[in-house]
Amino acid sequence: MLSKKRSLATLSPEERLLSVTYGSRAFSGEIPRFEIPEEGMPAEAAYRLITDELNLDGNPALNLATFVTTWMEPEAEKLIGDTLNKNLVDQEEYPQTGVIQERAVNILARLFNAPRGESGVGTATVGSSEAIMLALLAHKTAWKKARLSRSLPDDRPNIVVSSGVHVVWEKFARYFEVELRKLPMAGERYTLDPEAVAEAVDERTVCVGAILGTTYTGHLDPVAEIDRVLSEIKAKKGWDIPLHVDGASGGFVLPFLKPDLVWDFRLPHVRSINVSGHKYGLVYPGIGWLLFREGKDLPEELVFRVNYLGGEESTYTLNFSRGSSMMLAQYYMLLRLGREGYRRIHAVSLSNARLLSKRLSEDRRFRVVGPADHLPIVTFSVAPDAGFSETGLSEKIRERGWILPAYTLPPDLTHRSVLRVVVKENFSRDMVDLLIADIDRAARALSGSGTPGHKARHRPAVC
Ligand SMILES: Cc1ncc(COP(=O)(O)O)c(C=O)c1O
């Protein structure tokens, strides 16, 4: 881009070529798509080439599909930019970064009510997926050790979860050779049934997974009831089965909005929890957290001690090198917002989500499936006689820039489709009105009717 202070006349012919028509030289020939070009191009041209192409992407602010943070304040962005060149694993060179990670782990361990007296046990990860893999691996390894120590067979381990689990659970099962026993959803129940858990577990169950809340509908699995069932099983059969809580989205909301809801380390069987910092932890993509209840939940043979970078350090991650910016940005958010800040921001998101849910429930063309009871996530389906489908609505509303995914529910509800809105910090009350107006417009266009489906109600003008 031309500096405003310099006029065109002061530029050399060479500068003009590069600056004024940035594409004319670099883009006059073909740029190989799948091979490294023989010659490079000016920095500005490379930058423009990529940013122009990225303009074809959707607008993150209108991406209601993603759970991932799409806005951070300038100071957070500055911190991220300032620390892009620090490798998180290189704790010999960047010891203070390591200290901050440890602090954040301890803060989250306490947020999730880990037993006092022990320092927090856990790690920063790239996201919840890595954290879940590491947690399940720890439980599988601990189970195998316990079996072998009693000379029992250690083959055919299994994990019991609801069919509403995120795909990473299936990845783990396939990559790490564990049977995933997925208990179906049914009727109007979108969560794990504790009684079905009691039926499904056996002596080869490595752990049970509970989700807060599910990727499909945002509902919370009844963690305390599942914990109770596991305690009964322990008393009756002697199987001490750990419970892993997938708090990818809920883990950063419930401690602030529902501190009395007991789902975390206050429950004896909850041995590990994952949470995505880049979802309701309000950090850009690239940060998740894994917390163990206490040191003995992480088998020591899984922790690697290496000295390639100078001093000896311990790692329990799938990747070795990784950026430290998002971890530091998480610490920034914890300091910057405090409990009060997270509470305030999530309370606003929840109230906007509930408003959206209310508006949809007042419209006879829609059925609300997930009404944002606990988390700011709204899922809804289209009434059978509405004259259009969830997919049709999702495609139509994209014309206005909204990204609203339509998908089928997991077994045994695969015959039902829903649309999902993940309400985030940047989704204002005005945007609720705008979205409802656009949904209405799209629905009318699709059904070929000029009649709004809403019961008569005043929709305020939005400016
Ligand atoms: C319940 C649940 N678990 C795990 C994940 C994976 O999280 P990440 O994208 O942080 O790897 C998601 C992502 O949406 C999720 O909703």
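Author: This is a predicted model. We may begin with Val421, which touches Leu64, Leu356, Val378 and Leu404, residues up to four places away in sequence not being counted. Val421 is found in strand β13 (residues 417-422).

Reader: Why is Val421 called buried?

Author: Val421 has 27 other C-beta atoms within 10 Å. The term buried requires 20 or more, and therefore Val421 is buried.

Reader: How far apart are Val421 and Thr66 in sequence and in space?

Author: The two are 355 residues apart in sequence, and their C-alpha atoms are 8.4 Å apart in space.

Reader: What makes Arg293 buried?

Author: Arg293 has 26 other C-beta atoms within 10 Å. Since the cut-off is 20 or more, Arg293 counts as buried. Arg293 lies in the loop between β7 (288-292) and β8 (304-306).

Reader: Which residues does Arg293 contact, leaving aside its neighbours within four places in sequence?

Author: Arg293 is in contact with Ala114, Pro115, Phe265, Val270, Arg271 and Ser272. The C-alpha atoms of Arg293 and Ala114 are separated by 5.5 Å, although these residues are 179 places apart along the chain.

Reader: Is Ser151 buried or exposed, and how do you know?

Author: Ser151 has 6 C-beta neighbours inside 10 Å. A residue is exposed if it has 12 or fewer, so Ser151 counts as exposed. Ser151 is found in the loop between α6 (128-149) and β2 (158-162).

Reader: Is Glu177 buried or exposed by that criterion?

Author: Glu177 has 11 C-beta neighbours inside 10 Å. With the limit at 12 or fewer, Glu177 is therefore exposed. Glu177 is found in the loop between α7 (167-175) and β3 (179-183).

Reader: What is the phi of Ser151, and what is that of Glu177?

Author: Phi of Ser151 is near 55 degrees, a positive value in a residue other than glycine. Glu177, also not a glycine, has a positive phi of about 55 degrees. Most residues other than glycine have a negative phi, and most peptide bonds are trans.

Reader: Which peptide bond ends at Gly213, and which ends at Asp412?

Author: The bond from Leu212 to Gly213 is cis, with omega near -15 degrees. Gly213 lies in the loop between β4 (205-211) and α9 (223-237). The bond from Pro411 to Asp412 is also cis, with omega near -5 degrees, and Asp412 is found in the loop between β12 (406-408) and β13.

Reader: How many residues has the largest nonpolar core?

Author: That core has 114 residues, and those with the most contacts inside it are Val208, Ala210, Ile226, Leu291 and Ala329. Helix α11 (residues 325-361) supplies the largest share, 11 residues.

Reader: Why is this core said to lie between domain 2 and domain 3?

Author: Domain 2 (78-334) and domain 3 (346-447) both give residues to the core, so the core lies between them.

Reader: What is the mean pLDDT of the protein?

Author: The mean pLDDT is 91, and 91% of the residues reach 70 or more. Over residues 454-463 the pLDDT is below 50, and this stretch has 11 contacts in the model beyond near neighbours in sequence.

How values were computed: Residues are numbered from 1 along each chain as its sequence is written. This is a predicted model: local features need pLDDT of at least 70, side-chain atom pairs count only at pLDDT 80 or more; totals for chains, interfaces and linings use all residues. A nonpolar core is a set of buried Ala, Val, Leu, Ile, Met, Phe, Trp, Tyr and Cys residues joined through C-beta atoms within 7 Å. Helices (H or I, at least four residues) and strands (E, at least two) are DSSP runs, numbered from the N terminus. Domain bounds come from an automatic or database domain assignment. pLDDT is the predictor's confidence in each residue, from 0 to 100. Two residues are in contact if their C-beta atoms, placed from the backbone, lie within 7 Å.
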